[in-house]
Amino acid sequence: MIRKTSVAESDGLVWFKSSYSDTSNPNDCVEVATVPGAVHVRDSKYVPGPQLGFAPAAWTDFVSHAACGESPA
């Protein structure tokens with residue numbers, strides 16, 4: 001995975017997209033910003049919109065599950 005870093009926002013977060021998110025429309029993506037103790041996630045199509053926040057362990061669990069391509073039980 002290659003991180004594509006965007007400009008730091010006024011809130012101090014530095015957002016990035018995974019190179020795996022590239023599609024025919026590079027704006028269709030989820031962006032992630034990490035800080036000690038939290039992982040923030042937002043929709044790149046609506047940057048001023050809501051953000052989700054996760055504990056690092058919860059984010060790691062989600063990413064490892066999503067990467068396996070497993071469907072929920």
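Some ground rules. Residues are numbered from 1 along each chain as its sequence is written, and side-chain values use heavy atoms, with hydrogens and water left out. Because the model is predicted, local features need pLDDT of at least 70 and side-chain atom pairs count only at pLDDT 80 or more, while totals for chains, interfaces and linings use all residues.

I start with the strands. Helices and strands here are DSSP runs, numbered from the N terminus: helices are H or I with at least four residues, strands are E with at least two. Two strands pair if DSSP finds at least two bridges between them. Strands β3 and β4 run antiparallel and are joined by six bridges. They form a hairpin with two residues between them. Gly37, in the turn, has a positive phi of about 90°. Within this pairing, Val32 stands opposite Val41 of β4.

On its other partner, β4 runs antiparallel to β5, with three bridges joining them. Val39 has Phe54 in β5 as its bridge partner. Is β4 mostly covered or mostly open? Five of its six residues are buried, so it is mostly covered. For these words, buried means under 20% relative accessible area, exposed means over 50%, and partly exposed lies in between, with a 1.4 Å probe and protein chains only.

Next, the charged pairs. A salt bridge is a side-chain nitrogen of Lys or Arg within 4 Å of a carboxyl oxygen of Asp or Glu. How many salt bridges does this rule give? The count comes to two.

One of them joins Glu31 and Arg42, whose closest N and O atoms are 2.6 Å apart. This pair links distant parts of the chain, with Glu31 in strand β3 (residues 30-35) and Arg42 in strand β4 (residues 38-43), eleven residues apart. Are these two residues buried or exposed? Glu31 is buried at a relative accessible area of 6%, and Arg42 is buried at 5%.

Lys45 makes a salt bridge with Asp43, and there the closest N and O atoms are 3.3 Å apart. Lys45 counts as exposed because its relative accessibility is 52%. Asp43 is partly exposed, with a relative accessible area of 32%.

Ser44 sits in the loop between β4 and β5 (52-54). Ser44 is buried, at a relative accessible area of 12%. A polar atom of the Ser44 side chain lies 2.9 Å from the backbone oxygen of Cys29. For reference, a polar contact is a pair of N or O atoms within 3.5 Å; within protein, one must be able to donate a hydrogen and the other to accept it, and residues adjacent in sequence count only if both atoms are side-chain atoms. Ser44 and Asp28 are 16 residues apart along the chain, and their C-alpha atoms are separated by 6.5 Å.

Now the rings. A pair of aromatic rings is described by the distance of the centres and the angle of the planes. Rings of Phe, Tyr and Trp (its six-membered ring) pair if their centres lie within 6.5 Å; planes under 30 degrees apart count as stacked, over 60 as edge-to-face and the rest as tilted. By this rule there are two aromatic pairs.

Phe54 and Trp59 form a tilted pair, 5.6 Å centre to centre with 40° between the planes. Trp59 and Phe62 form a tilted pair too, at 5.5 Å centre to centre and 35° between the planes. Why are Trp59 and Phe62 separated by about one helical turn? Because they are three residues apart in helix α1 (residues 56-68). Together, Phe54, Trp59 and Phe62 form one aromatic cluster. As for accessibility, Trp59 counts as buried at 18%, Phe54 as partly exposed at 29%, and Phe62 as partly exposed at 46%.

Last, a glycine. Gly12 is found in the loop between β1 (3-8) and β2 (14-18). At 53% relative accessibility, Gly12 counts as exposed. Gly12 and Ala33 are 21 residues apart in sequence, and C-alpha to C-alpha they are 9.8 Å apart in space.
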